[in-house]
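Work through the exercises below with the model open beside you. Try each task before you read its solution.

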Amino acid sequence: MSEDTRAESSPASDSATEVDDLAVAKERVSSLLSALDIDVVISVDDAHFVGGAGTAQEVTEAMAAAPELLAAARDLLAGSSGVQGFAEVDEEDSNAVADFVNEYWHGFEIELQEQLLALTRIAKQDRNEAVEGEQIADDLQAHLVLQQLFDGTVDYLPLSMTDWNSRWRELLADRRRYLVLIDRTFTRERDGADELGDQLLAELLDDDRDGVWAGLLTRHAGDEVAERTLTDQLRTTYPKHAHRIAAIGKFRARSVPLLPAGLRALLLVQELDAYRKLAKSALEEAAVVAVKKFDDLSDYAIVEAFAAAQHEGTFELDQAVRLAQKIHSRAIAERLRDPAFASLHLAALQGGSIGAFQNAERDHAKIRSLLHEDVFETINAVNGLGLPLEVGDIFALRPLARRNQDKYFILLGQSCDLSMRGSGKREPALRSVTLSPLTRLKPGAKSTPAKHALGYLDPGSDELWAVDFRAGLDIVVPVAALDATVFNVTGESLIAPAYQESRPMARSWLRRLELLQEQASEIIGKYREVSDDVAEATQRDQILSAMAANLTNAATDHTTGATVQIDAEGNYIRFGVRRHARVRAEIALRVSDVAIHYHGRPAFDSSFVKP
């Protein structure tokens, strides 16, 4: 949302959004707690320590000096069913809110008075300790949101440190299942208790009760990075409980949709710790098995693998390692199916406690990047290594004469058709190939028979892309234009007869480069002759453009194919093509199968045939 849009949104619409966010968060938290059969949530926080009687004046004077307190008090009053008339108050006017509190203070229920006083004294204490404004807001919002979040879902018990210390063993003895959230700082109840919560948490974990989950909920973790840092510190300080301990930042209460993910991480902390250990063990053991498998290969077998690679036209050094790679993948799959792990932890990871919850504001970008990596190869590595052309390669086409937005097309088909033989040629020979267009999907749209969704083509953009199978949208391009992208680290399609490839490549592709360069030399020579012949022609540029397209089997219009530029002076041929991305092999082959099925459907199923 832009600054202008945010400024224009009304308090009413903001309030409606907050209610919706709370409802969604509450539903998710309810699913989490239900999946683990948790009956009670305890919040141990000096926010629940009122500290004696007070007056309306104490609250209103503090509100005037603390905007964070004003916002929290306003939210509390607006959400209290027993408060009449606050809906008519201008919530943005601090004087109007203060007047309302002063006028109706004695009509407030005792619980509401105590909550307002507790908020006031939290804000005052934080300000005295020079706590930053955002962290003060976190402290205050957590006090309010937890009550709203757990109300009606489980028993919610807010306790001060004093109350907790006097009753916790008795409370937890009833065999119900508990989630205990402990603040880190208790300076309102005890001088110097800045990190007392760490000790309270360790003491509870030392008690080693079944059916109790516990962690810190603190303003000291101002974002998800600080959460991880504090969690690591706690695990280092209390190594005995490293597999059970975690910290959640109160910043999540300020953005309610983030809170369920924080609670989920705490509730699954033991399962996640066990999974990390299992995964690391699997990777280490698989590496050992794979190395042993490679060591077991005889020199004869390795040389035969090289020979097989040359026959197939693949990179010789890849072939012998493939056997070890298969063993490596199989060993990981076997180790991850460990019966002991499955019996202890798998049920929790497969149950209702798992869901796609947003963890932090910046997490959307991380998730988007992960989803991109799950579909696409790292194109810088593909181009940088000069990997051969494959089904699933995506190309950006653009006109060379002017700057237009790139159009994206994907290469689909059978892998065997693209295989390069040792001669540097394909069998049967290919002169041109068909590319299918990519199209942007509208937000929320999914795959259709005519459009197969791929995902995030650009990990830095929210745009979703799909392959468009509809007739008439494909383009035909010279295969030489695509092959040329292999020999440029940027993926650009350029053939220069003088270029010498220095990167390790399959012999078949090095031979392919030689053939491309021989063809390019011949084409450039013919182009140079024509260029000299039409030196005085009035439409020389158009003539040369058409001649270049004719000589290279290219197009003059980028909307119908790959455009081309021949530079006789620079001695190179450049196509308006760049290898932009690569879909993972198994996904690309699946998309190719879908395309074949779509194009082979009965005519009466076609969109242009009316029954």
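**Exercise 1.** Find which strands helix α12 lies across, and its angle to β3.

*Solution.* Start with the helix: α12 covers residues 259-267. It lies across β3 (178-182), β4 and β5. Its direction runs at about 115° to β3. Helices (H or I, at least four residues) and strands (E, at least two) are DSSP runs, numbered from the N terminus. Axes are lines fitted to C-alpha atoms, for helices over the stretch in contact (heavy atoms within 4.5 Å). Angles run from 0 to 180 degrees between N-to-C directions.

The model is predicted: local features need pLDDT of at least 70, side-chain atom pairs count only at pLDDT 80 or more, and totals for chains, interfaces and linings use all residues. Residues are numbered from 1 along each chain as its sequence is written, and side-chain values use heavy atoms, without hydrogens and water.

**Exercise 2.** Give the strand order of the open sheet and name its edge strands.

*Solution.* The order of the five strands is β2-β1-β3-β4-β5, with parallel pairing. Strands pair if DSSP finds at least two bridges between them. At the edges are β2 (155-159) and β5 (247-249), each pairing on one side only. Now look at one pair: five bridges join β1 to β2. Tyr156 in β2 is the bridge partner of Val41.

**Exercise 3.** Is His48 buried or exposed?

*Solution.* Locate His48 in the loop between β1 (40-44) and α3. Its relative accessibility is 18%, so His48 counts as buried (under 20% relative accessible area; exposed is over 50%, partly exposed in between; 1.4 Å probe, protein chains only). Beyond neighbours within four places in sequence, its contacts include Tyr156 and Pro158.
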